[in-house]
Amino acid sequence: RSSDLAKKHNCFDDFQCAAEYLAKNGYSSPKKITINGGSNGGLLVAACCNQRPDLFGCAVAQVGVMDMLKFHKFTIGHAWTTDFGCSDNSEQFEWLHKYSPLHNITMPQEGIQYPAMLLLTADHDDRVVPLHSLKFIATLQHTVGRSRVQTNPLLIHVDTKAGHGAGKPTAKVIEEASDMFAFIARCLKIDWIE
């Protein structure tokens, strides 16, 4: 419980420290570090890209919780208030607003751009409704994507006739993984080894 409710920022700080460790100790470099997460992990990916866009080369956020001020108003979102809090409470609104991915998209400092980003969502996701990813990518493209500095792609893929992930047919799982790895390889200019 050391990174929920008012302490949620701890998970973002820890994650960023892990990336800094990889870069500082020569395991990778910020331009090559790729992050991926789904659902709550998608929230982690988007929040970390907002907070430290300079630390990652590529990011894939799958069915992420992006609107922390309204998540509880859709489908099963109300059940997550025990982990996140609820923006209807003024004190909790303050914690949530500080890291809500949708509400913290800003132009990075001069010379810095967002990492290449791919958001994955599904039109029938009844856990994390697709509006989270759709609003996030629209705001990101509007705020950051029109900058001349931003040459990394900011994309979304909306899977049709699919949900939150569990129970996907094998063919869809393979297609999604192939798209994800192809995006990463292309953005990081990685050659395939056969």
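Predicted model: local features only at pLDDT ≥ 70, side-chain atom pairs only at ≥ 80, totals over all residues.
A salt bridge, as the term is used here, is a side-chain nitrogen of Lys or Arg within 4 Å of a carboxyl oxygen of Asp or Glu. By that criterion, Arg52 forms a salt bridge with Asp54, with the closest N and O atoms 2.9 Å apart. Glu20, Arg52 and Asp54 are linked in a network of such bridges, and the structure holds 5 salt bridges.

Residues are numbered from 1 along each chain as its sequence is written, and side-chain values use heavy atoms, with hydrogens and water left out.

For burial, I call a residue buried under 20% relative accessible area, exposed over 50%, and partly exposed in between, using a 1.4 Å probe and protein chains only. Arg52, at 22% relative accessibility, is therefore partly exposed. Asp54 is partly exposed as well, at 34%.

I turn now to Asp67. Which residue forms a salt bridge with Asp67? The partner is Lys135, and the closest N and O atoms are 2.6 Å apart. Asp67 lies in the loop between β2 (58-62) and α3, and Lys135 in helix α5, so the pair ties together parts that are 68 residues apart in sequence. Helices here are DSSP runs (H or I, at least four residues), as are strands (E, at least two), and both are numbered from the N terminus. Is Asp67 buried or exposed? At 2% relative accessibility, Asp67 counts as buried, whereas Lys135 is partly exposed at 28%. Beyond four places in sequence, Asp67 touches Ser100, Leu102, His103, His132 and Lys135, where contact means heavy atoms within 4.5 Å. The C-alpha atoms of Asp67 and Pro101 are 6.5 Å apart in space, although 34 residues separate the two in sequence.

Helix α5 itself, residues 131-145, has His132, Ser133, Phe136, Ile137, Leu140 and Val144 buried. Seen down the axis of α5, these buried residues fall within an arc of 110°, so they line one face of the helix; the arc is that of the directions from the helix axis to the C-beta atoms. Against what do the buried residues of α5 pack? They pack against α2 (40-51), β3 (116-122) and β4 (154-159).

Lys172 is partly exposed at 23% relative accessibility, while Asp159 is buried at 13%.

Next, Ser87, in the loop between α3 (81-84) and α4 (90-99). Ser87 counts as buried because its relative accessibility is 12%. The side chain of Ser87 reaches the backbone oxygen of Leu69 at 2.5 Å. Leaving aside neighbours within four places in sequence, the contacts of Ser87 are Met68, Leu69, His72, Phe93 and Leu96.

At 59% relative accessibility, Tyr27 counts as exposed.

Definitions and conventions: Polar contact = N/O pair within 3.5 Å; in protein donor to acceptor, adjacent residues only side chain to side chain.
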